[in-house]
Amino acid sequence: MTSERMSYSDENQEMQSGKESAPDYKTEVYRPERMPWDTIKEEISRIDFSASEGESFPEGLLERDFQDPDTAAILMRDRETNVIIGFSYAKPTTKTYPEDFPERQASEDTAYIYYTAFDAAHQRQGLVAPLLKELDEELSRRGYRFIERDAANGKGEGVEESYADKLRK
């Protein structure tokens with residue numbers, strides 16, 4: 001597993017809901033106070049199951065994370081059907097590390113990208129980059145200066161390529 005720490009450039013752009021990401025898709029910041037978990041639960045669970053090849057997160061974990069106001073979550077929808085086809089979310093390291101990585105040092109200015117997933121029909125279509133771009137912008141808007149993520153299953157090189165201009169080793 002590869003762990004990378006990325007810093008933001010000084011150019012922070014304002015996040016806009018529904019920003020164009022790919023011609024047939026749109027991204028949006030998930031806000032639990034405007035869109036209750038129950039309205040997206042089935043779609044998120046379907047994507048989790050599809051992306052993890054049947055080894056989904058424990059029941060309740062995604063619900064807890066998505067409802068936490070400190071979590072920054074981005075949804076990607078099919079523009080024509082409005083169906084959620086992917087998502088990514090990040091949590092403050094001050095919450096993530098004590099629970100999941102107690103050996104790591106948490107920091108107030110660092111977020112950890114916890115999960116990025118697409119349903120099987122939308123994988124390997126170049127949609128990760130626009131989804132993570134929106135997540136990066138949302139995290140920057142929230143004041144984070146660094147993001148960390150782990151890459152498993154041989155995806156470390158792809159993460160390094162996607163974030164080459166932001167990596168700080």
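Predicted model: local features only at pLDDT ≥ 70, side-chain atom pairs only at ≥ 80, totals over all residues.
Residues are numbered from 1 along each chain as its sequence is written, and side-chain values use heavy atoms, with hydrogens and water left out. Helices (H or I, at least four residues) and strands (E, at least two) are DSSP runs, numbered from the N terminus.

Let's begin with strand β5, residues 84–92. In this strand, 9 of 9 residues are buried, where buried means under 20% relative accessible area, exposed over 50%, and partly exposed in between (1.4 Å probe, protein chains only). Strands count as paired if DSSP finds at least two bridges between them. On one hand, β5 pairs with β4 (residues 72–78) in the antiparallel sense over 6 bridges, and here I74 has S88 as its bridge partner.

N82 is partly exposed, at a relative accessible area of 36%. You can compare R124, in the loop between β6 and α4: its phi is also positive, near 60°, in a residue other than glycine. R124 is exposed, with a relative accessible area of 85%.

Now to the interior. A nonpolar core is a set of buried Ala, Val, Leu, Ile, Met, Phe, Trp, Tyr and Cys residues joined through side-chain atoms within 4.5 Å. The largest one has 20 residues, and those with the most contacts inside it include F66, L75, F87 and Y89. Two or more residues each come from α1 (41–51), α2 (61–67), β4, β5 and β6, with β6 giving the largest share, 4 residues. Apart from this core lies another, of 17 residues, among them I85, L131, L135 and L139. Y89 touches, among others, L62, F66, Y115 and L135, leaving aside residues up to four places away in sequence; contact here means heavy atoms within 4.5 Å.

E28 is buried, with a relative accessible area of 13%. Its side chain is joined to that of R77 by a polar contact of 2.6 Å, that is, a pair of N or O atoms within 3.5 Å; within protein, one must be able to donate a hydrogen and the other to accept it, and residues adjacent in sequence count only if both atoms are side-chain atoms.

In α3 (residues 93–100), the buried residues are T93, T96 and Y97. They lie on the same side of α3 because they cover an arc of only 90° around the axis, taken from the directions from the helix axis to the C-beta atoms. These buried residues pack against β5, β6 and β7 (146–151). Helix α4 (128–141) is mostly covered, with 10 of its 14 residues buried, including L131, L135 and L139. After α4 comes G143, with a positive phi near 100°.
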